[in-house]
Amino acid sequence: MATPLTADALVAALKAEGVRVVEHPGWRTHNRNHKGPWGPVNGVIIHHTVTSGTASSVEMCFNGYDELPGPLCHGVIAKDGTVHLVGNGRANHAGKGDGSVLNAVVRESALPRPTANDTDGNTRFYGFECVNLGDGADPWPAAQLAAIERVSAAVCRAHGWSAASVIGHKEWTNNKIDPRGFSMADMRSRVAGRLKGEPSGGDGSGEHDGSAGAGTYTVRPGDTLSSIADAFHTTVEALMALNGITDPDRIQAGQTLKIPGADTPRYAPFPGEDFFRNAPRSPLVTAMGRRLVAEGCSAYEEGPGPQWSDADRESFRKWQRKLGDAPEYCDGWPGRRQWDALQVPYTA
Ligand SMILES: [Zn+2]
């Protein structure tokens, strides 16, 4: 149980944890406090927006809509990991949920499955909306998942809570499915791991915004070059070149890496092999197709377009052959190394 953080305290906690924060105009006085109490607070609820596009998602979460006025959360976590603050105070995000879940969060004990919808969550929980369509196919980039971890840890650390205070909307009430596409149990273990250490915003990873030239990042235990590349929308190859690394498996915790800045092209991180096998409809597919055409690997009769198709797979197969890969790696399904080599431009 705790008194809600002030706007300044929330911003400071997020920045200390390495979160890239954008303060949406008006957020500091934007709330639903005239409709009900805000606090004492006990935890954090993670949501997905069922929208795409950062700007429009942020606007929707600030303004709300006819049936549900904004703010619809405290912060919006974009696909690139940026966090846009839209509300300070009571927000329309949690609605009614199960009082026994609240009790478990207060005790920081195992969560029961929600059945009753008898308790107002907007009083007791911070809410963060993550930009995702929630269709099971829209990817969760590593940078966005890292931001969820950092935001959750920042709030928990500021209040002295454990990771057990972070729940998904679907764990609060049985009439929601969000967030869909990653495991809240896994996220809690990430948050717990982060809370064991000091806040890690001071290593430059949080300040890096791609606009101020090259930044630096201090390697943490468990990092790989590809996880770092994902988090900064760059490639393993670019990191190796910039840092003079010859063996990508030989990086050490505590080592400082230069991160490509605005003068270096930024590339879309590999969305995972399952992404393509789920026949996605995504701007990423269009961007990939354009790169394949530019590389002379087109099997398109029309397009490329956003809907993954056999022509995309055939075109990618041509790319795999162009890379000189062995036949068993030329199946048309993008692999991480092949994807990184293609250097698909990053689109927010
Ligand atoms: Zn929700």
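Visitor: Are glutamate 17 and arginine 194 buried or exposed?

Guide: Both glutamate 17 and arginine 194 are buried. Keep in mind that this is a predicted model. Glutamate 17 has a relative accessibility of 1%.

Visitor: What do glutamate 17 and arginine 194 form?

Guide: The general idea is to look for a side-chain nitrogen of Lys or Arg within 4 Å of a carboxyl oxygen of Asp or Glu. Now the case here. Glutamate 17 and arginine 194 form a salt bridge, with their closest N and O atoms 3.2 Å apart. This pair links distant parts of the chain. Glutamate 17 sits in the loop between α1 and β1, while arginine 194 belongs to helix α6, residues 184–196. They are 177 residues apart.

Visitor: Which side chain meets glutamate 17 at 2.9 Å, N to O?

Guide: That is arginine 157, and the contact is a salt bridge. Arginine 157 lies in helix α4, residues 142–159, and glutamate 17 in the loop between α1 (7–16) and β1 (21–23), so the pair ties together parts that are 140 residues apart in sequence. Arginine 157 is partly exposed, at 25% relative accessible area, whereas glutamate 17 is buried.

Visitor: Which residues do salt bridges with shared partners join into one network?

Guide: The network holds Glu17, Glu149, Arg157, Arg190 and Arg194.

Visitor: How many salt bridges are there by this rule?

Guide: The count comes to 14. One of them pairs aspartate 120 with arginine 90, the closest N and O atoms being 2.9 Å apart. Here too, the pair links distant parts of the chain. Aspartate 120 is in strand β8, residues 119–120. Arginine 90 is in the loop between β6 (83–85) and β7 (96–97). The two are 30 residues apart.

Visitor: Are aspartate 120 and arginine 90 buried, exposed or partly exposed?

Guide: Take them one by one. Aspartate 120 is partly exposed, with a relative accessible area of 23%. Arginine 90 is buried, at 9%.

Visitor: Let us turn to cysteines. How many disulfides does a search of the whole structure find?

Guide: The search finds 0. To read this feature, look for two cysteine sulfur atoms within 2.5 Å.

Visitor: Which cysteine sulfur is closest to that of cysteine 297?

Guide: The one in cysteine 330, at 11 Å. That is too far for a bond. Cysteine 297 is buried, with a relative accessible area of 2%.

Key:
Residues are numbered from 1 along each chain as its sequence is written. This is a predicted model: local features need pLDDT of at least 70, side-chain atom pairs count only at pLDDT 80 or more; totals for chains, interfaces and linings use all residues. Side-chain values use heavy atoms; hydrogens and water are left out. Buried means under 20% relative accessible area, exposed over 50%, partly exposed in between (1.4 Å probe, protein chains only). Helices (H or I, at least four residues) and strands (E, at least two) are DSSP runs, numbered from the N terminus.
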